Amino acid sequence: MQPVIQLTDFRKTYKSGEVEVHAVRGVNLTVLPGEFVAIMGASGSGKSTMMNTIGCLDRPTGGSFLLDGVDVGSLNRNERADLRNRKLGFVFQGFNLLARTTAAENVELPMLYSRPALPTSEQRKRALAALTLVGLGQRTDHTPSQLSGGQQQRVAIARALVNEPKVLLADEPTGNLDSRTSIEIMGIFQHLNDQGMTVIMVTHELDVARYCKRIVVMRDGQIRSDEPVTDRSLAPAELAKLEAEQKAVQLA
Amino acid sequence: MFAILKIAFRAIRRNLLRSFLTMLGIIVGIAAVIVGVSMGTGAKAEVDKRIASMGNNLLMVMSGNMSRGGVRGGFGAAPNLSPSDYDAIRREITGVVGVSPEVRTRAQVTAGNQNSSSDIFGVSEAYADIRSWEFASGGNFSEADVRNASKVCLLGTTAAKTLFGENVDPVGQVVRVKNAPFTVVGWLKPKGANSFGSDQDDVVLVPYTSAMKRLSGDTLFRSFNIQVEGPDRLNSVTNDLAQLLRQRHKIAEGRDDDFSIRTQQEMSEFLNANNRIMTILIGFFAGISLVVGGIGIMNIMLVSVTERTREIGIRLAVGARGRDVLRQFLTEAVLLSVMGGILGIATGFWLAPLLTKFFEFPTLISNTSVILAFTVSAVIGVVFGFFPALKAANLDPIDALRYE
Ligand SMILES: Nc1ncnc2c1ncn2[C@@H]1O[C@H](COP(=O)(O)OP(=O)(O)OP(=O)(O)O)[C@@H](O)[C@H]1O
Ligand SMILES: [Mg+2]
């Protein structure tokens, strides 16, 4: 099976003036279709740097990166924009939705830049389908300021999904959310992964990482460990547990 | 394209006051273009109308050299065209339909107890035809009247009105000019103001012989009005006239003419020269205002790009190419300036008639000036919007997303 992501001796060095920061120093990582990977590690260990490269927002300064068999290092700005549009969906910690723009329009945004362009009616249909998939079929004409954090993140996930990408990337998607909402979001990822979507996400919390199937730990720009998750958390069960706990607290 | 327009409209609406203030420079500039051009066009149309009211295919020979000292119309120069010059022109110049000399005095004209100080023009029987002057009643005096220095006259509408009252046919009545009785044989139709703005209808036309003998005592003419056969004869007749008059006035080779020959065309150009200067001046200020307006747009677009760095980052992250972002911001800039342009055109349409109403300045808004103004505003949007849009398009996606 052809890997979706193949990083070989991937390096990223930032130059700020005279100082060189080696954010990532030789990472080898292969992700196959259908995998669900959590990337963990201390702050500054290079997780976001790696995610940005995988997300084609940035280019490696050393080594190679193949996305779905395509060498991203040799692509120009426009070609990378097209890859982001067609093959990647990115979910951010801070949601990054357009303000004063409805949920549906936010989800339509990637299709605005698709080539060839879809008819407007088809765009709206797909946006609504994506919103329904993340459990937000009802509030499609609300703007971000009218939505809770969890709901905003659902909109962001719908936006990432709408062009049917090869990989879903998420950099600390639950970082701004409470534990219950985090479980709900992880439930969405698990559901998507069950349907065959490859998911790679960064997280600081082991609790969150346990919803994934594989955990990669980074330190100082290198991979320290890379292991499958043994006792995997499943969102529906965890939610039920949480509810029972809350009931217990209320009764007491 | 439609989606881009929608986004641009929304961005402009979001900061409505700011957008309007940004447009103001363009609005003022475009309104100035519209009004300025309309003033130029209006003034030219007015001049053309007045020139046309003089008659067709006209030449004027005037005493004195107009190009020397710039005496307007040669009216300040002493008359130096003689009756024998007149005869010679009639005898020797071909291609001429009619010639009329002109002597002028201003005198008290009375009828009953009414009096009027009108221009008295001494002219030949050809004059009314040359000037395409029609009769409301009665008719022209004859060649015999000219030969005999008859005491007959033609009245212009203004003069007739002063002496006999509005819409009263004066034909057959007698008016007294310097105590000499003149019988009114013709009542002229109105012509309006002439090219220099004076009333052409406040006039009494008498045979030039009568004027010279009985009224002014002049022996020389101030000018000749000459009608030629067609526009193609204007040049040849002008040359022939100049040659004839130089010879008759014994002007040596290399010396200046002591007369001037002007065609209608030249008179219209002379009069329009002032308009052109005015148009250029207004155009200059309109141009400055448009440049200032353009810079205003550039400034606001730069602010907008900075404010919306995060939005640009998001768009780039989901796959917008640089040129998509460029197009978006360029559309916004062009929309701003074109909306300013449309408002400016509307302002111009509103302002120009006011100018006519309150300052009696002729204005005429031409389609060309509207199209020109619209195009100019669009071009300003592209020119001044390009740099900010390029700045937006060249943003790095990660830097833009991180921007706070
Ligand atoms: N644009 C940049 N210029 C210079 N240095 C950078 C830049 N981006 C990141 N770095 C540096 O690279 C290193 C890795 O940063 P990165 O953001 O990948 O860490 P991270 O693992 O995502 O941390 P966190 O968990 O806090 O998000 C850090 O030392 C950081 O300071
Ligand atoms: Mg990070």
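**Reading the model**

Guide: Chain A and chain B bury about 2,200 Å² between them, 50% of it on carbon and sulfur atoms; buried area is the accessible area (1.4 Å probe) that two parts lose on being put together, summed over both. The model is predicted, so local features need pLDDT of at least 70 and side-chain atom pairs pLDDT 80 or more, while totals for chains, interfaces and linings use all residues. Residues are numbered from 1 along each chain as its sequence is written, chains are lettered from A and ligands numbered from 1 in the order in which they are written, and side-chain values use heavy atoms, without hydrogens and water.

Visitor: How many residues does each chain bring to the contact?

Guide: Chain A supplies 23 residues and chain B supplies 26 residues, where contact means heavy atoms within 4.5 Å.

Visitor: How should I read salt bridges, and how many join chain A and chain B?

Guide: Side chains of opposite charge can pair when their charged atoms come close. The criterion here is a side-chain nitrogen of Lys or Arg within 4 Å of a carboxyl oxygen of Asp or Glu. Between chain A and chain B there are three salt bridges. B:Arg10 pairs in a salt bridge with A:Glu105, their closest N and O atoms being 2.8 Å apart. Over all chains, the whole structure has 29 salt bridges.

Visitor: How does one describe two packed helices?

Guide: One gives the angle between their axes and the distance between the axes. In chain B, helix α2 (residues 16-52) packs with helix α9 (residues 264-307) at an angle of about 170 degrees, the axes lying 8 Å apart. That makes α2(B) roughly antiparallel to α9(B), a term for angles over 145 degrees. Their contact has 18 nonpolar, 15 polar and four charged residues.

Visitor: Which peptide bond is cis, and where is its proline, A:Pro116?

Guide: The bond from A:Arg115 to A:Pro116 is cis, with omega near -5 degrees. A:Pro116 is in the loop between α3 (103-112) and α4 (120-133) of chain A; helices are DSSP runs (H or I, at least four residues).

Note on methods:
Axes are lines fitted to C-alpha atoms, for helices over the stretch in contact, and angles run from 0 to 180 degrees between N-to-C directions. Helices (H or I, at least four residues) and strands (E, at least two) are DSSP runs, numbered from the N terminus. Angles under 35 degrees count as roughly parallel, over 145 as roughly antiparallel, 65 to 115 as roughly perpendicular and the rest as oblique. Ala, Val, Leu, Ile, Met, Phe, Trp, Tyr, Cys and Pro count as nonpolar, Asp, Glu, Lys and Arg as charged, and the others, Gly among them, as polar.
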